[in-house]
Amino acid sequence: MKHYVGLDVSQKETSICIVDETGRPIHQGRVKSDPGVLAAVIAKKAPNAERVGLETGAMSSWLWHELKRTGLPVVCIDARHAHAALSVRMNKSDENDARGLAELVRVGWYREVAVKSEESQTARSILVCRSRLVRVRRDLENQMRSMLKECGLLFPRAAGRQFQRRVNDLITDGHALGPILRPLLSVHQQTCSELEKIDRIVRDLAREDETTRRLMTVPGIGVVTALTYRHTIDDPTRFQNAAKVGAYLGLTPRRKQSGEMDVTGKISRWGDRLLRAYLFEAASVLLHRTKRWCSLKAWGLRLAKRSGMKKAQVAVARKLAIILHCIWVDGTEFEWGKQPA
């Protein structure tokens, strides 16, 4: 007889529920959130496990990889989809959630999430770390600039080491803000130093990956954006066509249709926020800074005249996501084309 397992994971303990193919519960309990313990319990209580389901969460990727190594048919379920199914239950508890997940994988009414490879997880951690350091550096610079502005001390736009030199020049000769700004400058200097180390790692990763180098041939796509796209998508074959990538990244509009009502709203903003922000920046660079003509830029500028620049940048960002997927799958590079006479 086939068995179906539901796992409701928390930091210390995991609620486990095993049902047979008729939906009858066979085993229900709590065990330590350890892959070895979970695999041993499943092997003992459900030797004919057909599917093992768990929700997306902070520990889901680690557990998915570890349970896969033991040979278990584990699937990762979208937490939003699972919540919609589990919310119909009257009482909310870990045991009921585990039972609901076991029922979901039994009937097959679930949306499986593609778990990233361990290589992509590591690269994503590096990119998220870089993004946080950039944000910390920007916040420090804005704070120090606002303090100096209150004292009438202004200077042109600067970042990084140049920003530190300009601030040091302004607070010399025993300025009252000297003791206040020097601790912030010390933190700013350390942040810039660590950010330079992360940037070197990112450049080395991009240099070693042939796919990332081809993605960088697209105008507006730099090292960070190409590497983020490469390790966020991870496996391009999981999309039926390139147009699905735009929806996956939350760059397509929402739709609410019922009866005579059919409303098209703003973009959904689902998916990875970091990659979506980088693609929007790349679209801005393409439309405003790229001098060479290409059909994508011409299309975006025509759209900006009709609908406004912000909507045009979102549309170009979606187009960039589609183009990057096509380049990745086809093994080609970006073709600039010729401007019509």
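Let's start at Asp234, which sits in the loop that links helix H9 (223-233) to helix H10 (243-248); helices here are DSSP runs of H or I with at least four residues, strands are E runs of at least two, and both are numbered from the N terminus. Keep in mind that this is a predicted model, where local features need pLDDT of at least 70, side-chain atom pairs count only at pLDDT 80 or more, and totals for chains, interfaces and linings use all residues. Residues are numbered from 1 along each chain as its sequence is written, and side-chain values use heavy atoms, with hydrogens and water left out.

Asp234 is not a glycine, yet its phi is positive, at about 65°. Asp234 counts as buried because its relative accessibility is 19% (buried is under 20% relative accessible area, exposed over 50%, partly exposed in between, with a 1.4 Å probe and protein chains only).

Arg269 also has a positive phi without being a glycine, near 60°. Arg269 lies in the loop between E7 and helix H11 (273-288), and with a relative accessible area of 59% it is exposed.

Lys266 belongs to strand E7 (residues 261-267) and is exposed, at 73% relative accessibility.
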